[in-house]
Amino acid sequence: MKITTPKFVTSVASEKNFLKTDKPIIAVAGKSNVGKSSLINMLAGMKKLAKTSNTPGRTRLINYFDFGAFMLVDLPGYGFARVNKEEKQKWGKLMEGFLSSQKIALLLSLVDIRHDPTADDVMMINYLYHYAIPFALVATKADKLAKTKVKPRLKEVATFLRVTENELIATSAESRLGKESVFDAIERAITVSAENQGEE
Ligand SMILES: Nc1nc2c(ncn2[C@@H]2O[C@H](COP(=O)(O)OP(=O)(O)OP(=O)(O)O)[C@@H](O)[C@H]2O)c(=O)[nH]1
Ligand SMILES: [Mg+2]
């Protein structure tokens, strides 16, 4: 898999502007503040490719980044408290549009390793089953736990999500833990997606 220097491509706020691309799409989803933009920066090996923030809900748009072999997409976070109903509906419409119309090779579904997944996280995963989108589960911010706590905690979160601990990748944008595993998952998904396209 050939990765070129990642570049920001575009931000879009509505379905009519979704990017048309021949590259496989790798999307990143999760609760607001879970570390989506930070994970993208870690994968890019760049500090400020995707904007990160302490204020949840910073990324309200769909941002596309070109990694050469694939297009990485930063999706707006869900589950932040200070949002009105109208804003929530807008989010839902944009996400459903994206999940149903873009051909996604892999969606990285992020949860914070320190917290039990929320009802919103479970809803997100149900969306993925519904639209038959291949996904990988990523537990972020592993550096916030003592090293000896990472494995046992991974097991707990995995149980919560009804997967085995091998299906959950522990990551840290600080220590770059899990970078290789995430790239491996992306590479596998791209291969499968290319094979499936050949069959169509
Ligand atoms: N210690 C630590 N902090 C992290 C890590 N990942 C993200 N953070 C911090 O968590 C906060 C939120 O990170 P973002 O990457 O902006 O989160 P996001 O999911 O993109 O948030 P929204 O765009 O609001 O949905 C920032 O203060 C980051 O520095 C990590 O692996 N370790
Ligand atoms: Mg963000």
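Trainee: Is Asn33 buried or exposed, and why?
Mentor: Asn33 is buried, because 21 other C-beta atoms lie within 10 Å; a residue is called buried if 20 or more other C-beta atoms lie within 10 Å of its own, exposed if 12 or fewer, and partly exposed in between, with C-beta atoms placed from the backbone. Please keep in mind that this is a predicted model, in which local features need pLDDT of at least 70 and side-chain atom pairs count only at pLDDT 80 or more, while totals for chains, interfaces and linings use all residues. Residues are numbered from 1 along each chain as its sequence is written, and chains are lettered from A and ligands numbered from 1 in the order in which they are written.

Trainee: Where does Asn33 lie?
Mentor: Asn33 sits in the loop between strand 2 (25-30) and helix 1 (36-44), where helices (H or I, at least four residues) and strands (E, at least two) are DSSP runs numbered from the N terminus. Although Asn33 is not a glycine, its phi is positive, about 80°.

Trainee: And which residue with a positive phi follows helix 4?
Mentor: That is Arg162, with a phi near 60°, and it belongs to the loop between helix 4 and strand 7 (168-170). Arg162 is exposed, because it has 9 other C-beta atoms within 10 Å.

Trainee: What about Ala158, how is that one placed?
Mentor: Ala158 is found in helix 4 (residues 147-160) and is partly exposed, because 17 other C-beta atoms lie within 10 Å. Setting aside neighbours within four places in sequence, Ala158 is in contact (C-beta atoms, placed from the backbone, within 7 Å) with Val163, Thr164, Glu165, Glu167 and Leu168.

Trainee: Switching topic, how many residues of strand 6 are buried?
Mentor: In strand 6 (residues 135-140), 6 of its 6 residues are buried. Phe135, Leu137 and Ala139 point one way, and Ala136, Val138 and Thr140 point the other way.

Trainee: Which way do strand 5 and strand 6 run?
Mentor: They run parallel and are joined by 6 bridges, and two strands count as paired if DSSP finds at least two bridges between them. The chain passes from strand 5 through helix 3 (residues 119-130) to strand 6 in a right-handed β-α-β crossover, meaning that, with the strands pointing away from the viewer, the path from the first strand over the helix to the second runs clockwise.

Trainee: And what do strand 6, helix 4 and strand 7 make?
Mentor: They make a right-handed β-α-β unit, and in strand 7 the bridge partner of Val138 is Ile169.

Conventions:
Two residues are in contact if their C-beta atoms, placed from the backbone, lie within 7 Å.
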